[in-house]
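Q: I have a structure open and would like to learn how to read its features. Can we go through them in turn?

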Amino acid sequence: MNYGDYPHPTHQNKFGGKVPPNRHWNRQDKSHQPYQRKSFEHKTKYEKDQLKHPTANTLETNCSLYTSSAFPYFRHPREIGSFSMDENREYLNNRSQLRYYNEAQAKSGTCYDLKEGYDTFISKDENYKEYLDSLLQFITLNVEKFKAVNPLNDKSQKETDICTDFVCWRGLLTKILGTPYLDRQQNSWKLAVIKYRNSYYMCEYDTEERKREAENMTEKHKAMSYWGWKFENCVLSDTEDGVPNAEEPVNNNLSFVSVVRSRLENHSLVYGGEVDGYEKKPDGSCQYIELKTNLALKNIHVEKGFKRVKQLKNWLQSFLLNIPKIVVGFRDDNGIVDNLESFETSKIPTIHGKNFWDACVCFNYLKEFLDWVKSIVTHDADEIISMPYVFEFVPHTGRTHYRKCSEEEMSQYCFIPKWYFEFVENHFKSDGTNLLKYSRNYQENDQS
């Protein structure tokens, strides 16, 4: 097994990446039809490789191109550290915001009303862009964990980088991984890439579709987005033997982040992601858990949506952080949770993913995407000719496009703060050039 302790998803995707034919396909006027994916099932491997890049600046996302009998090598994610964010979104170099889950207590028969406390909800400022700041701060505080191993203790060998290929958030990897399957409009994404000292820093940006969605969000949808945070308050406690305080106001500024190191084929990865809770098992060992809410599976349509969309997202999020258990609180239309069900992360691809999605396709697409990024972004940020690159999945084309930023866009897509450049340059004592040009808000006084 080449990707941890999870069983190999040997099933093949029965859909073969095809989209069911549109029921209005026979209309003469097809101008308003959604984009139809082409079938590449019978192409040879060489032909598929050629079709992955139909133009010089695009990457095809069709499932058929990434179907493989083998899951690509993916090293078991290993936690290298963690940190917390307090009620003011200030960085804490500790595990103080990790909360605990007691299954027997959570299933004690009490129904949870997720609507309660919405009027006291303390929400983080969504207009403030955090970029990679807290993750970069973790790197500066744990820089020894990012140095290359020098087995011969050769003092002439200089360490000049943090010895990893890609640095990003787990959420971004989740979106890229789900691109071949998830709804195109809802899964549109855009990211900027900056190469600095042989590492590729990737940061997500809002697409135009997501901006419009946020602007047009109704009060009902805002209230429903609160339900997931409320569910965590209902079943998690601050101490291992404590009792959850469901009356306490929900504050989603608080978070606990796990930082892991992994590898996908020839790409080393460092990424961070929020962890919902910690559970002590009967044998005394402990494990992370993921908490989710979902509409009760009251009919076949809801059940299909749960397996096709929700469980794919749940599996990707948990698999990337090596979280072995997902707890789902099933609710009714009024936000009342009366049933909790646990799912083993390792079993989801072969139980819920079967007939709907193939884990191999997701990770083969991610590998192809990372290969593509490396082939395009070739110059480091300390070279004057280098600028950020923007990669975007465009829903109506079914393809991922890239472009190089113009001088006018530098202030928008230079997401690495000045203090990080200064720390790395001073720590590795190199001959850096004018890196201020590549730092975020370089005309302002950034604070570390």
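Q: At what angle do the axes of helix α4 and helix α7 cross?

A: Axes are lines fitted to C-alpha atoms, for helices over the stretch in contact, and angles run from 0 to 180 degrees between N-to-C directions. Helices (H or I, at least four residues) and strands (E, at least two) are DSSP runs, numbered from the N terminus. Here the axes of α4 (residues 170-178) and α7 (residues 300-320) cross at roughly 135 degrees and come within 10 Å. This is a predicted model, in which local features need pLDDT of at least 70 and side-chain atom pairs count only at pLDDT 80 or more, while totals for chains, interfaces and linings use all residues. Residues are numbered from 1 along each chain as its sequence is written, and side-chain values use heavy atoms, with hydrogens and water left out.

Q: Which word describes how α4 and α7 lie to each other?

A: Angles under 35 degrees count as roughly parallel, over 145 as roughly antiparallel, 65 to 115 as roughly perpendicular and the rest as oblique. α4 and α7 are therefore oblique to each other. A crossing is left-handed if the near helix is turned anticlockwise from the far one by less than a right angle, and right-handed if clockwise. The crossing in which α4 passes α7 is right-handed.

Q: Which residues make the contact of α4 and α7?

A: Contact means heavy atoms within 4.5 Å. From α4 come R170, L173, T174, L177 and G178, and from α7 come K313, L316, Q317 and L320. For classes, Ala, Val, Leu, Ile, Met, Phe, Trp, Tyr, Cys and Pro count as nonpolar, Asp, Glu, Lys and Arg as charged, and the others, Gly among them, as polar. The contact of α4 with α7 has four nonpolar, three polar and two charged residues.

Q: Why do residues three or four places apart in an α-helix point the same way?

A: An α-helix has 3.6 residues a turn, so residues at that spacing point the same way. In the next case, L312, W315, L316, F319 and L320 of α7 meet A359, C362 and F363 of α9. The residues of this contact divide into eight nonpolar, no polar and no charged. The two helices pack at an angle of about 60 degrees, with their axes 12 Å apart. That makes α7 oblique to α9, and their crossing is right-handed.

Q: How many residues does the largest nonpolar core have?

A: A nonpolar core is a set of buried Ala, Val, Leu, Ile, Met, Phe, Trp, Tyr and Cys residues joined through side-chain atoms within 4.5 Å. Buried means under 20% relative accessible area, exposed over 50%, and partly exposed in between (1.4 Å probe, protein chains only). The largest core here has 59 residues, and M202, F363, F369 and F391 have the most contacts inside it. Helix α9 (residues 359-376) gives the most to this core, with 12 residues. A second, separate core has 32 residues, including I162, I194, V259 and V390.

Q: What is F363 in contact with, leaving aside its neighbours within four places in sequence?

A: Its partners beyond that range are F71, P72, F74, L177, L264, W315, L316, F319 and L320. A C-alpha to C-alpha distance can also be set beside the separation in sequence. Y66 and F363 are 297 residues apart in sequence and 8.5 Å apart in space by that distance.

Q: Is Y66 buried or exposed?

A: At 2% relative accessibility, Y66 is buried. Its place is in the loop between β1 (58-60) and β2 (78-85). Leaving aside neighbours within four places in sequence, its contacts include C360, V361, N364 and Y365.

Q: How many of the nine residues of helix α3 are buried?

A: Seven of the nine residues of α3 (residues 133-141) are buried, and the helix is mostly covered. They are D133, S134, L135, L136, F138, I139 and T140. α3 packs with α11 (residues 418-428) at an angle of about 20 degrees, their axes 11 Å apart. α3 and α11 are therefore roughly parallel to each other, and α3 passes α11 in a left-handed crossing. D133, L136, Q137, I139 and T140 of α3 make the contact with W419, Y420 and F423 of α11.

Q: What do the buried residues of α11 pack against?

A: They pack against α3, β7 (189-196) and β8 (199-205). Among the buried residues of α11 are W419, Y420 and F428.
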